[in-house]
Amino acid sequence: MITAHIMPLTILLPLVGAYLILLVGSKHRSFARNFGLLTTGITFAMVCYITYLVSNQGKMAYYLGGWAPPLGIELRADPITAFLLLTFAGVSFFVLLFAYDILPGEINGKVITRYYALYLVLLGSLLGIVLSNDFFNIYVFLEISSIAAAALVAVNGDKLAMEASIKYLVMSTLGSGTVLMGIAGLYMVTGYLSLDFLAGALPQAYASHPLTVLMTLGMLTVGIAVKAALFPLHVWLPDAHGSAPTSSSAILSGLVVKVYIAVLLKLLYRVFPLDFLAALPLQGSLLVMATLGIFIGSIMAIRQRDIKKMLAYSTVAQIGYVFLGIGLFSEKAMLGAVYHVFSHAVMKSMLFLSAGLLIKYSGKRTIADLSGLGRVYPIPMIAFSVGALSMVGVPPLAGFMSKWYLGLGALEANQLLFLLVLLLSSLLNGFYYMPIVIGGFFKKETVEIRQEKIPLGAQISLLVLIAATFFFGLFSNIPISFLTPTVQGIFSAFGGGI
Amino acid sequence: MDNLFYAMIFIIFLTGFWIMLRQSNLIKKIIGMNIMESAIFLFLVAMGYVKEGSAPIATEANPGLAYVNPLPSALVLTGIVVSVSVTAFALGLTVRLYKHYGTMDVDEITRMRSEEL
């Protein structure tokens, strides 16, 4: 019974959990964090089970209410979506484990219950976006995720965070409005909302209304790019991710930005055939924006003195890599993009979490004041260093593997220029990450450091993330071989490079 | 005439878009957001319209009935719910910001914040 309905249950569980937390948690303070952690844990286990089923069956489909598309809504899991689900559920579980003892010290005690409820709503919507195969359903989940994400920034009620939150809300509503306009346009020319049926009806619609189809594609891409913070539409990101509470920053930077990329991926490989896209100017503009994003994000990160702002700008640069991988239109680059979504989610949440701890113990947010902390608090500083090295792309780590595949993809697509982009930007990454790592271990302390015991949950969470960074760098063949057949399927119809 | 309708919708959409981007007053931004969303809802309703179509209640008595496509209208209902909740949340944030800064102008808030630092 559970196996048959596992996909809708996985989306429902966090949503129902959020409701229960609000219902019971207002009376019992500690209920929220225990129950929230439990719910996320069970969701993670269910996602693992979905991945297991997908690796056996190759593909899973579920019709909501028993109505087959085009009438009903379909949930669909294939290896790429299963991989993304695993990333989202796993990272959000470990972020919540980290927050178990840290969060009460960071935000107002009254709002903790609401924080957990929002967190679970956000998780449910992320899983929904990834699983759904119906365009309007995706839009609804997109809106749920943008409200929940903006609320997670503002939750503490301090004025900087609220200002960032409203900026974020306005920009992401702009993005989702544009996406909805695109969806409406596609519905107008094809009469379908299900991604598969859209794909089937699109060639004919393009023959009769070429301009409308192009405009909708443009609107969808722009809308998604705003929400995913592709340069130059990233202006809202640094403030929002920089001023949120630690665990919010980790999940916003690590996961929420990525889910829109999941939508773009779905759009590109389930709806629009690649040879159709290759004939459009889309590829060129994606590549230019991605390259500019990589460089300008990195340069802005170098200029920051606030560590969380720096990490936020680094996210702008890293999103550039993912768009680069998608824009190269080659098999290896696509693998690299999907792998980078995963490895960046792990690295960036680890960086934000360890930076949050370091800020907590030093009481300062500026980079210069983090000197010497590594000797007093080795675990967070080691986690930060591993994350930083992985960002730069040092070999045995996960970040290296995704860059490796991006590089192979650039070779495959015969775009050697982008190999240079990858190398140069790794150098730039080194410029802003390495001083912190070196200073953290070898320089003298500049501020008085509080001596405290790091909570067990936070230690376990950081250690697991460190282990994951090593594991998925050393054994990248496991996920890659899991993903390869699907990615090959996308490109086999297309006939290799361009 | 049909195309005129779509052209008007597009103008409304761009108006809302422009207000959201260019106005610095938060209330005006939120109004712009609603104008933009109204344009999208109009678009959806307009595309489902069938000339001289009736309500989509098909009975055995009138099998060949021409009816208005009900799906876009259902989508609009969902969209309105989403838009109301986003508006409510944005207005709530605006009230809180006004309490802190005494202004609803984003540029002014940014200026005050940079002076504080």
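Visitor: Which domains does the assignment give for chain A?

Guide: Domain bounds come from an automatic or database domain assignment. For chain A that gives domain 1 (1-272) and domain 2 (276-498). Residues are numbered from 1 along each chain as its sequence is written, with chains lettered from A and ligands numbered from 1 in the order in which they are written. Keep in mind that this is a predicted model: local features need pLDDT of at least 70, side-chain atom pairs count only at pLDDT 80 or more, and totals for chains, interfaces and linings use all residues.

Visitor: How many residues of each domain of chain A are in the contact?

Guide: Two residues are in contact if their C-beta atoms, placed from the backbone, lie within 7 Å. Here, domain 1 of chain A puts in 40 residues and domain 2 of chain A 43. The C-alpha centres of these two domains of chain A are 21 Å apart.

Visitor: Which helix gives the largest share of the domain 1 side in chain A?

Guide: Helices are DSSP runs of H or I, at least four residues, numbered from the N terminus. On the side of domain 1 of chain A that touches domain 2, H10(A) leads with 14 residues. Helices H3 (79-106), H9 (237-243) and H10 (246-271) of chain A each supply at least two.

Visitor: And what about chain A against chain B?

Guide: That contact takes 21 residues from chain A and 27 from chain B. Helices H5 (135-154) and H6 (159-190) of chain A are the elements giving two or more residues to chain A's side, and H6(A) has the largest share, 14 residues.
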